[in-house]
Amino acid sequence: MQLPELLAPAGDLEKLKMAVLYGADAVYLGGEAYGLREKAGNFTIEEMKEGLDFAHQRGVNFYVTVNIIAHNEDLEGLAEYIKELDELGVDAVIVADPGILSIVKEVAPNLEVHISTQANNTNWRTAKYWKDQGVERIVAARELSFEEIKEIKDKVDIDIEAFVHGAMCISYSGRCLLSNYMNGRDANRGACAHSCRWKYTLMEEQRNGEYYPIYENERGTFIFNSKDLCMIEYIPELIETGIDSLKLEGRMKSLHYVATVTNVYRRALNEYAKDPKNYKFKEEWLEELIKISHRNYTTGFYFEKPGGSEQNYDDSGYTRAYDFMGIVRDYLPASNEAVIEVRSKFFTGDIIEIFGAKTDTFIQEIEYIENEAGERVADAPHPHQLINVKVDNPVEKYDLVRRKRGDDNE
């Protein structure tokens, strides 16, 4: 059967490779300009070429964001950049601004175009308009329900991409003025300061010093702070709606986040494909998604318009139950050892978890740590150093290692 595309974020080259290895059908990323994630690692043209080769060799599509809301000065050099992307062989560009779309059509008429969620794609007439402009895909606004998406799909022959996991923006489809107003960083041109996650209180102008009693604790309230979207429990509904691409948010997120989320949704989609009629959701998938850094989860607008329970009122931070510890670089079957590249400090006696694209999660106690000189040491404190640890189960290159926070591992 034809499954929807699984589209994963690639904040930098390492994350791109991990997304591909962990099951993405396509990746999306930004160059050093014209995208909406200025603070992500982003890609030089040379890195794009390497990432494109890596993805295409594995049958994975490669999309580049050019989705700023452009001002006059942003147009300088844009035509040359689009030509460069086209010559590079990217599979599509993601745009929001009609002016940028017109440039793409002028200088790279055969380059596929996807219309960003920033363009507020909320109805079938808008979808038809973009279709008439030669656009192949729209990214649905996050504010749409299953029924609304299905109606668009029924009335317009255009691909629909929809976010199914990750951070939700308090402003309409991400068109935010708050960051610009608070500190001069324009969210619509890639410099979002995430001002909506800050602490606020509400005060009526004639009652100076009297705060409206909506806060949940002594620190104030976080009335703009949306929960994270998570649709892992509703794979059949997503597929039956006719969505062509399931999009994972997170170009600013960690390598551990990208690998885990991509892996979980890949497993769920593959399980559905085996036997759609008897498909059953597995609680272990949600348990994996709880282990990454996240805010409490919500289904957003898919079933009904969100109420008061869709916001985090207690704080603006993430729940982070596990630390990302390292990456498996090799497995030595003769000694049952994993060769691990360290990302966080290891200690002898640590209780860790290892998982991967093909490796089911298992718990492992570290009996010993052997450094690159073959010496057994009490800890491994240096990022990127290689260590050998004994494992009870075989592991594979690019498996990941994490450790539950708060454990007494020292």
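Arg402 touches His256, Thr260, Glu288, Lys291, Tyr322, Asp323, Phe324, Met325, Ile352, Glu353, Phe355 and Thr361, leaving out residues up to four places away in sequence; contact means heavy atoms within 4.5 Å. The model is predicted: local features need pLDDT of at least 70, side-chain atom pairs count only at pLDDT 80 or more, and totals for chains, interfaces and linings use all residues. Residues are numbered from 1 along each chain as its sequence is written, and side-chain values use heavy atoms, with hydrogens and water left out.

- Arg402 lies in strand 20 (residues 400-404); helices (H or I, at least four residues) and strands (E, at least two) are DSSP runs, numbered from the N terminus.
- Arg402 counts as buried because its relative accessibility is 0%, where buried means under 20% relative accessible area, exposed over 50% and partly exposed in between (1.4 Å probe, protein chains only).
- The side chains of Arg402 and Glu288 form a polar contact at 2.8 Å. Such a contact is a pair of N or O atoms within 3.5 Å; within protein, one must be able to donate a hydrogen and the other to accept it, and residues adjacent in sequence count only if both atoms are side-chain atoms.
- Arg295 is placed in the loop between helix 10 (283-291) and strand 10 (297-298).
- Arg295 also counts as buried, because its relative accessibility is 4%.
- Although Arg295 and Thr319 are 24 residues apart along the chain, their C-alpha atoms are separated by 5.7 Å.

**The chain as a whole**

- The protein chain contains 10 helices and 20 strands.
- Of its 410 residues, 51% are buried.
- Among contacts between residues at least 6 apart in sequence, 69% join residues at least 24 apart.
- The chain exposes about 19,200 Å², of which carbon and sulfur atoms supply 45%; accessible areas come from the Shrake-Rupley method with a 1.4 Å probe, and for residues only the protein chains shown count as cover.

**Nonpolar cores**

- The largest nonpolar core holds 86 residues, and Val27, Phe62, Val66, Ile232, Ile235, Tyr265 and Tyr302 touch the most other members. A nonpolar core is a set of buried Ala, Val, Leu, Ile, Met, Phe, Trp, Tyr and Cys residues joined through side-chain atoms within 4.5 Å.
- Helix 9 (residues 255-274) gives this core its largest share, 8 residues.
- Another core, of 18 residues, lies apart from it and includes Ile340, Ile369, Val391 and Val401.
- Beyond its neighbours within four places in sequence, Tyr265 is in contact with Leu6, Val164, His165, Cys230, Met231, Ile232, Ile235, Leu248 and Leu289.

- In strand 1 (residues 5-9), 5 of 5 residues are buried.
- Glu5, Leu7 and Pro9 point one way from strand 1, while Leu6 and Ala8 point the other way.
- Strand 1 runs parallel to strand 9 (residues 245-248), joined by 3 bridges, and Leu6 has Leu246 as its bridge partner there. Two strands pair if DSSP finds at least two bridges between them.
- Strand 1 also pairs in the parallel sense with strand 2 (residues 26-30) over 3 bridges, with Ala8 opposite Val27.
- From strand 1 the chain crosses through helix 1 (residues 13-21) to strand 2 in a right-handed β-α-β crossover; right-handed means that, with the strands pointing away from the viewer, the path from the first strand over the helix to the second runs clockwise.

**Strands 14 and 15**

- Strand 14 (residues 351-355) and strand 15 run antiparallel and are joined by 4 bridges, with Ile351 opposite Glu365.
- A hairpin of 6 residues connects strand 14 to strand 15.
- Strand 15 (residues 362-365) has Phe362 and Gln364 on a covered face and Ile363 and Glu365 on an uncovered one.
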